[in-house]
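Hi everyone, thanks for coming. I'd like to walk you through one structure today, and you're welcome to follow along on the screen.

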Amino acid sequence: MAMNPMEQFEVKPLFQHPLLNIAGHDIYFTNQALFMCVVVAAISLFLTLTVSKNRLVPTRGQSMAELSYEFVANMIHSTMGEDGLAFFPFIFTLFMFVLFSNFFGLVPWTFTVTSQIAITFALASIVILTMVITGFMKHGLRFLTLFVPKAPWYLLLLLVPIEVISFLTRPVSLSVRLFANMLAGHTLLAVFASFVILLGAAGGVLSVLSIAPLLLIVAIFALEMLVAFLQAYVFAILTCIYLNEALHLHDHQ
Amino acid sequence: MPPPEPDDLRHLGERIDEAGRRRTQGSKSAPPTSLDIAARFGTELMAAILMGAALGWGIDWAFDHWSHLQTRPWGMVVMFVLGAAAGIRNVMRAAQEINAKMAGKDVEK
């Protein structure tokens, strides 16, 4: 019987074509790839359909699309200022992808794309690479002073390695946070769901008791909705903060 | 829909002005919840310590593999401590960011 709470995170190949082959490695179209396509299609449909009939007084859908636009634009504005808006398409895409992936994962029988460290680490790597490239393009080698805090030289011997490690942890903490939150929430839901089944099958008084984990699932589900949004928000705002450091070197000090 | 009153129009004008001010000055977004703060601090500290230890292990491995210097276990010991320091630095920085956000919220009130 399928009682393994981790089973939902299994990446399964759906189909494979002999032509999909890179250097002897077969490329599979997995359930993960399928749900990434679904998420991207859903975002595109949502944003194009809701604003296709552009009204002055927005309909519900249009106002949802406008709200998400405003939300991200305000976030960028408050963290990076006016010139940060050049990154709007990048951050909006990241935010919507993570948000929709998180919410799609909450639908039963779906696969949570963001519960895979491969996906979240790839997203975080894109963010950090964008930050590094922006920093070097804007400030040249002066970008390296990011690692040099204001301190006497003998302390710098210690502080520079610390700052370098601190910088290197950014992609790790960014990706692990999102991945761990999604993984933990979905595992918890699956564990409590198996309690319902086990208690229900036990018979007698225990069957009646199975209502308790069921109620807990409802509560955890509500919490997961909050976490799904919150994690997308945190991912986007940290991207803003990192890009801001690359844009305005040492301005915050 | 009844024709808009002059009062309504003035009210709308005020709201548009306010939105414009928000756009130019930049508004602070919602303060983070305690769950968010806990997750943030935890991962910042953990990631830095793990990263430090991994780097130290890598340094030891590299010295072992490509030279005859025996650094093991000192690379990992030193880098672990530095990683812990970097983790605390990360948490301090995260706390500063959150404090700044909270302070901005208080000023607005």
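Let me start with chain B. If we take its contacts between residues at least 6 apart in sequence, 68% of them join residues at least 24 apart. Of its 109 residues, 23% count as buried.

Before going further, please keep in mind that this is a predicted model. How does it score? The ipTM is 0.72 and the pTM is 0.83. For chain B the average pLDDT is 80, with 78% of the residues scoring at least 70. Within chain B, helix α1, residues 6–25, has the lowest confidence, at a mean of 75, while α2(B) has the highest, at 88.

Now chain A. What does it contain? There are seven helices and two strands, and along the sequence the pattern reads β-β-α-α-α-α-α-α-α. The C-alpha trace spans about 75 × 55 × 45 Å along its principal axes. Of the 253 residues in chain A, 29% count as buried. Here, among contacts between residues at least 6 apart in sequence, 65% join residues at least 24 apart.

As for confidence, chain A has a mean pLDDT of 89, and 97% of its residues reach 70 or more. Which element of chain A has the lowest confidence? That is strand β1, residues 13–22, at a mean of 76. At the other end, α3(A) is the highest, at 95.

Let's stay with that helix and look at how it packs. Two packed helices are described by the angle between their axes and the distance between the axes. For α1 of chain A, residues 31–52, and α3 of chain A, residues 88–105, the axes come within 9 Å and cross at roughly 115°. The crossing of α1(A) and α3(A) is right-handed. On the α1(A) side you'll find F35(A), V38(A), V39(A), A42(A) and I43(A), and they meet M96(A), F97(A), F100(A), S101(A) and F104(A) from α3(A). By class, the residues of this contact divide into nine nonpolar, one polar and no charged.

In soluble globular proteins, nonpolar side chains tend to be buried together. In this model, the largest nonpolar core has 57 residues, and those with the most contacts inside it are F95(A), F235(A) and A236(A). Which elements supply at least two residues each? From chain A they are α2, α3, α4, α5 and α7, and from chain B they are α2 and α3. The most comes from α7(A), with 14 residues. If you zoom in on F235(A), you'll see that it touches L94(A), V98(A), L174(A) and L178(A), leaving out residues up to four places away in sequence.

Next, how do the two chains meet? Here, 21 residues of chain B are in contact with 19 residues of chain A. On the chain B side, α2 (34–66) and α3 (74–108) each supply at least two residues, and α2(B) has the largest share, nine residues. The class breakdown of that side of chain B is eight nonpolar, seven polar and six charged residues.

Let me pick out one residue in chain A: I128(A), in helix α4. Is I128(A) buried or exposed? It is buried, because 20 other C-beta atoms lie within 10 Å, and 20 is the cut-off for that label. I128(A) touches R170(A) and P171(A), again leaving out residues up to four places away in sequence. The C-alpha atoms of I128(A) and F97(A) are separated by 17 Å, and these two residues are 31 apart along the chain.

Finally, two backbone details. Most residues other than glycine have a negative phi, and most peptide bonds are trans. W109(A) is not a glycine, yet it has a positive phi of about 75°. You'll find W109(A) in the loop between α3 and α4 of chain A. Why does W109(A) count as exposed? Because it has 5 C-beta neighbours inside 10 Å, and 12 or fewer is the condition for exposed. In chain B, a cis peptide bond joins R72(B) and P73(B), with omega at about 5°. P73(B) sits in the loop between α2 and α3 of chain B.

That's my tour, and I'm happy to take questions.

Notes. Residues numbered from 1 in each chain as written. Chains lettered and ligands numbered in written order. Axes fitted to C-alpha atoms, helices over the stretch in contact; angles between N-to-C directions. Helix = DSSP H or I, 4+ residues; strand = E, 2+ residues; numbered from the N terminus. Left-handed = near helix turned anticlockwise from the far one by under 90°. Contact = placed C-beta atoms within 7 Å. Nonpolar A, V, L, I, M, F, W, Y, C, P; charged D, E, K, R; others polar. Core = buried A, V, L, I, M, F, W, Y, C linked by C-beta atoms within 7 Å. pLDDT = per-residue confidence, 0-100.
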